[in-house]
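Please keep the sequence and the 3D view at hand while reading.

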Amino acid sequence: MDGPAEPQIPGLWDTYEPDISEISQKLPGEYFRYKGVPFPVGLYSPESISLAENTQDVRDDDIFIITYPKSGTTWMIEIICLILKDGDPSWIRSVPIWERAPWCETIVGAFSLPDQYSPRLMSSHLPIQIFTKAFFSSKAKVIYMGRNPRDVVVSLYHYSKIAGQLKDPGTPDQFLRDFLKGEGEDRIKRWKVMKPGMTWKIGAMGLDLQGSVQRICGFLGRPLGKEALGSVVAHSTFGAMKANTMSNYTLLPPSLLDHRRGAFLRKGVCGDWKNHFTVAQSEAFDRVYRKQMRGMPTFPWDEDPEEDASPDPEPSPNPKPKPSLELNSLEPETRPNSSPSPNPGQASEPPHPRP
């Protein structure tokens, strides 16, 4: 099956590069709120978020990847890019990841770019109450990625230390206290609860990458042969992504993402929170988590939080699945005809900003 046709225009990198250079020099580490949700000044603006929320430019073959910050966005983008190209790695090796799957809500956003190929692959960290309204009356598809929130805290802390648009995270303990005042798990609840009747599929990815890729192919209606499937798996391992300059964000200027202070793609494991949380921090987290998620079905990381769920960064194709990053595919056929009523939550940490 053919992948998306390339647009007959100069590469979108020509559009991005001057904007990224200009944006990276104007990052004050401050925030503004849009309907109660904080965003970093510089990469976002009220106008760019309003455009993402209210645009009518949604195609029935669009594919949206929606995540909370540091929950596997890069991984899912890489997998779907390879699927769309039948396993051919040429695209992921020659085009920056933010061009392959542009962000909906950033200043240089997906809905402001000209003449994009079809199907469009787009990324977003927007919570459901301010997500693109036109999506809900379309046949476009969404894949929502969820991750053990304990690992999210650790990853977001390290990311905040290298991201120029974010304020200094302070001490790990202070960062955790700020995070627990936020609304990360509330986003998962809203995407699930506010879409009645929608199929919510969960598949372990970390140690069953091949099986997860096959499920994604089925959801997208793009079956792959054995050779193409093997190529997708091989080129979407953590090691392959970390070595790919088009996917590891090292092309960005240090003023935007300073790799001298740490890597964007850090470890590629789940369960690393156990190496960082103290007993007191773990207990504090669990109290807030249980309260926030009361009444919700359990997630794999809830079943045995003490179980070591750290996968090998280079997993074998067909191992026994264990809890790890979660794939949640939202079926469009049962989507409500209208968008949910806005009910903004409060967040102390910003959406994970990337151009």
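## Val 108

Val 108 sits in the loop that runs between α5 (97-100) and β4 (121-124). The model is predicted: local features need pLDDT of at least 70, side-chain atom pairs count only at pLDDT 80 or more, and totals for chains, interfaces and linings use all residues. Residues are numbered from 1 along each chain as its sequence is written, and side-chain values use heavy atoms, with hydrogens and water left out.

The relative accessible area of Val 108 is 10%, so the residue is buried. Buried means under 20% relative accessible area, exposed over 50%, and partly exposed in between (1.4 Å probe, protein chains only). Val 108 and Tyr 44 are 64 residues apart along the chain, and 8.6 Å separates their C-alpha atoms.

## Helices α3 and α9

Helix α3 (residues 73-84) and helix α9 (residues 209-220) have axes that come within 11 Å and cross at roughly 65°. Axes are lines fitted to C-alpha atoms, for helices over the stretch in contact, and angles run from 0 to 180 degrees between N-to-C directions.

On the α3 side, Trp 75, Met 76, Ile 79, Ile 80 and Ile 83 meet Leu 209, Val 213, Ile 216, Cys 217 and Leu 220 of α9. This contact has ten nonpolar, no polar and no charged residues. Ala, Val, Leu, Ile, Met, Phe, Trp, Tyr, Cys and Pro count as nonpolar, Asp, Glu, Lys and Arg as charged, and the others, Gly among them, as polar.

## Helices α6 and α7

The axes of α6 (residues 149-160) and α7 (residues 172-180) come within 10 Å and cross at roughly 125°. The two helices are therefore oblique to each other. Angles under 35 degrees count as roughly parallel, over 145 as roughly antiparallel, 65 to 115 as roughly perpendicular and the rest as oblique.

Pro 149, Val 152, Val 153, Leu 156, Tyr 157 and Ser 160 of α6 make the contact with Pro 172, Phe 175, Leu 176 and Phe 179 of α7. Nine of these residues are nonpolar, one is polar and none is charged.

## Gln 281

Gln 281 belongs to helix α12 (residues 279-292). Its relative accessibility is 12%, so Gln 281 counts as buried. Apart from neighbours within four places in sequence, Gln 281 is in contact (heavy atoms within 4.5 Å) with Asp 173, Leu 176 and His 276.

Definitions and conventions. Helix = DSSP H or I, 4+ residues; strand = E, 2+ residues; numbered from the N terminus.
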